[in-house]
Amino acid sequence: MDIDKLYTRETSEAGAWCEITDPLGAETGLKFKIAGAHSDKFRRAMTKAQAKQLNRERARGRKDVTPEDLELEFDLMADVLADCTLEWNAEKDGKDWPCNAENARTVYLNAPDVRRQVFQFASDARHYFLSPSSADASESE
């Protein structure tokens, strides 16, 4: 097998569609295109959030804290996911709702189950992996 077929960085950067369910598991019709955890976008967003968290902890008087000591606070994970939300088909008040970091952050702060679903989706490399058979098919086209 060609090692290149295992690379997920580029496909993670391009994003994949996550179908959102309600808290009971019913389909909502909502789809969010999310950059994966292997993407540069996700890594930059995590670094930014960890720096913000580190500054918060140091402002609280913890001088010896390191980024590895931190579990991101709820609002900072919402920031990370907002930065990694590339597109969606969301509506608000019956109209298309623009996909931007501010609106995405609002969703992730007010709909924790959506935040959980999107985080789990972004963390699962299978969503960004081109299977050997699909990679072979695209090479022959």
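The legends below describe close-up views of a predicted model.

**View 1. Met1 and the nonpolar patch it belongs to.** Met1 lies in the segment that comes before α1 (9-14). Its relative accessible area is 67%, so Met1 is exposed, the cut-off for that word being over 50%.

**View 2. Helix α2, residues 40-59.** Helix α2 has 20 residues. Which residues of α2 are buried? They are Phe42, Ala45, Ala49, Gln53, Leu54 and Glu57. Just after α2 comes Gly61, whose phi is positive, at about 105°.

**View 3. The stacked pair of Trp88 and Trp97.** The count of aromatic pairs in the model is 4. In the pair of Trp88 and Trp97, the ring centres are 5.3 Å apart and the planes meet at 15°. The pair is called stacked because planes under 30 degrees apart count as such. Trp88 has a relative accessibility of 11% and therefore counts as buried. Trp97 is buried as well, with a relative accessible area of 17%. Ring pairs also link Trp88 and Trp97 with Phe32 and Tyr108 in a cluster.

**View 4. The edge-to-face pair of Phe121 and Tyr128.** A pair of aromatic rings is described by the distance of the centres and the angle of the planes. For Phe121 and Tyr128 the distance is 5.9 Å centre to centre, and the angle between the planes is 75°. Are Phe121 and Tyr128 buried or exposed? Phe121 counts as buried at 10% relative accessibility, and Tyr128 counts as buried at 3%.

**View 5. Cysteines Cys18 and Cys84.** A disulfide is a covalent bond between the sulfur atoms of two cysteines. How many disulfides does the model have? With a cut-off of 2.5 Å between the sulfur atoms, the count comes to 0. Cys18 has a relative accessible area of 3%, so Cys18 is buried. Cys84 is at 0% relative accessibility and also counts as buried, since the word applies under 20%.

Note on methods
Residues are numbered from 1 along each chain as its sequence is written. This is a predicted model: local features need pLDDT of at least 70, side-chain atom pairs count only at pLDDT 80 or more; totals for chains, interfaces and linings use all residues. Side-chain values use heavy atoms; hydrogens and water are left out. Buried means under 20% relative accessible area, exposed over 50%, partly exposed in between (1.4 Å probe, protein chains only). Patches are made of residues with over 30% relative accessible area and no salt bridge: like charges are joined within 9 Å, nonpolar side chains (Val, Leu, Ile, Met, Phe, Trp, Tyr) within 5 Å. Accessible areas come from the Shrake-Rupley method with a 1.4 Å probe; for residues, only the protein chains shown count as cover. A salt bridge is a side-chain nitrogen of Lys or Arg within 4 Å of a carboxyl oxygen of Asp or Glu. Helices (H or I, at least four residues) and strands (E, at least two) are DSSP runs, numbered from the N terminus. The expected span of a helix is 1.5 Å times one less than its number of residues. Rings of Phe, Tyr and Trp (its six-membered ring) pair if their centres lie within 6.5 Å; planes under 30 degrees apart count as stacked, over 60 as edge-to-face and the rest as tilted.
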